[in-house]
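Here's a quick tour for anyone meeting this structure for the first time. Have a look at it below, and then we'll walk through it piece by piece.

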Amino acid sequence: MPMDLLIKNIKQLVQILEPGKRWVAGSEMSKLSLIENSWISIRDGHILDYGPMHLCPKVLEDEIDASGRVVMPAFCDSHTHLVYSGSREQEFVDRIKGLSYEEIAQRGGGINNSAIRLRKASEDELYEEALLRIKEIISQGTGAVEIKSGYGLDTESELKMLRVIRRLKKTTPITIRSTFLGAHAVPPEYLNNQDGYVDLIINEMLPRVTAEGLADFADVFCDRGFFTIDNTSRILEAAAQYGLRAKIHANELDFSGGIQVGVKYNSLSVDHLEYTGQEEIRSLTGSGTMPTLLPGAALFLGLIWPPARAMIEAGLPIALSSDYNPGSSPTGNMMLILSLGCICLKMLPEEVIHAATINSAYAMGVESELGSITRGKRANLIITRPVSGYSFLPYAYGSDLIERIILNGRIIENK
Ligand code: NIG
Ligand code: FE
């Protein structure tokens, strides 16, 4: 069969799944399917075939020798805010000196600080800044990314952010899904009037966003000090009427009921989940809502760790994502997130690989085309540097272990 590219002599071809598998949960997460000493072929941007070396097809050109290297699916990062203007290292310093994330937000810093800058930036400036971040995360092994609005907080600025995301979708080789997060914080114009701001989201923002087809999902920061359960319900109901499935921020700061409301409205994912107890685990069990953990934010803000082990032991799946944003996780490095999953959440290397590939693909609605080594899926692959095996990847945290990235069957030359 003709092919465009063959990768051969692969030490471990990792994360092979049968077609139709949408996520991996519970005790299954500790089992990773792989072939040692193997090959994989690519045609028309998709995975054509793979197998052990003694069955390797012969080609004369366009082959890569991956001796000593792991080949695995590129990461899917299902939760980021990577369109933003400037940075917030002053707040980082304030937190080192003892202020909390919520105290900084209450003083007008935090998300509203980023909103002031974003409102002033032009669409072109925002695009150029975000493009650098996209190039950076591709070089770190990410092949699909979800990006949220939520630093505009007025109709025109939210639309501006979403148009930047649309432009990134068209101009970059990475797969992008966009999420409308008007309910990220209450802007100063609506101080002490959260209900009024939610009216604006429902009556003006959502209709405009959906009329332009700018969002794939809707999000709400549902937590103590941010959006209430009642207002979250109102937004999720309205979003459903406009055909947008939800992915919400929940239970980062307290047992705020966010997980339950997310499940009630059939959200695709609920994200953060530091405050997760038995009741929250029960509500997630049997739902189609992917629990998504963001250990970069928990590390950066010094939060408690979400109970990943209890969730897996209860049979739940877990996705891992970076939360790349200027306030609580200024990195999109998914290899680092894998290490944090192992070191801080006590997840096994096999579990973090499932969590950052097929499960995070599900959490952004791309699991039928990405997130595993499966014939017919898009060829978004990572080829590592020579390593002892896949467990070395989260172990050697801080090392750059990625040698090549392949997106849509093409080698990306930006390393
Ligand atoms: O996911 N938790 C809410 N939103 C972001 C933080 C955004 C910011 O601080 O700019 C998060 O952590
Ligand atoms: Fe977030």
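Let's start with ligand 1: one of its oxygen atoms sits 3.0 Å from an N or O atom in the side chain of His249. That's a polar contact, meaning a pair of N or O atoms within 3.5 Å. Here it is alongside two others.

| Ligand 1 atom | Side chain (N or O atom) | Distance |
|---|---|---|
| oxygen | His249 | 3.0 Å |
| nitrogen | His184 | 2.8 Å |
| nitrogen | Glu252 | 2.9 Å |

Taken alone, ligand 1 exposes 330 Å², and the protein buries 100% of that (areas by the Shrake-Rupley method with a 1.4 Å probe). There are 15 residues around ligand 1, and Arg88, Tyr101, Tyr151, Asp323 and Ser328 come nearest; being near takes a heavy atom within 4 Å.

Before going on, note that this is a predicted model, where local features need pLDDT of at least 70, side-chain atom pairs need 80 or more, and totals for chains, interfaces and linings use all residues. Residues are numbered from 1 along each chain as its sequence is written, chains are lettered from A and ligands numbered from 1 in the order written, and side-chain values use heavy atoms, leaving out hydrogens and water.

What holds the iron ion (ligand 2) on the protein side? Its protein donors are His79 (NE2), His81 (NE2), His249 (NE2) and Asp323 (OD), at 2.1 to 2.3 Å. Donors here are N, O and S atoms within 2.8 Å of the metal (3.2 Å for Na, K and Ca), and with water not among the atoms, sites may look incomplete. Along the sequence the donor residues follow the spacing H-x1-H-x167-H-x73-D. His81, in the loop between β6 and α1 (89–96), and Asp323, in the loop between β13 and α12, are 242 residues apart, so the pair links distant parts of the chain.

Now for the sheet: 8 strands form an open one with parallel pairing, in the order β6-β7-β8-β9-β10-β11-β12-β13. β6 (75–77) and β13 (319–320) are at the edges with a single partner strand each, so one side of each has no neighbour in the sheet. Helices (H or I, at least four residues) and strands (E, at least two) are DSSP runs numbered from the N terminus, and strands pair if DSSP finds at least two bridges between them. β12 (290–293) and β13 run parallel, joined by 2 bridges, with Leu293 partnering Leu320.

Helix α12 (334–343) packs on this sheet, touching β6, β7 and β13, at about 85° to β6. Contact means heavy atoms within 4.5 Å, and angles run from 0 to 180 degrees between N-to-C directions of axes fitted to C-alpha atoms, for helices over the stretch in contact.

Definitions and conventions: A polar contact is a pair of N or O atoms within 3.5 Å; within protein, one must be able to donate a hydrogen and the other to accept it, and residues adjacent in sequence count only if both atoms are side-chain atoms.
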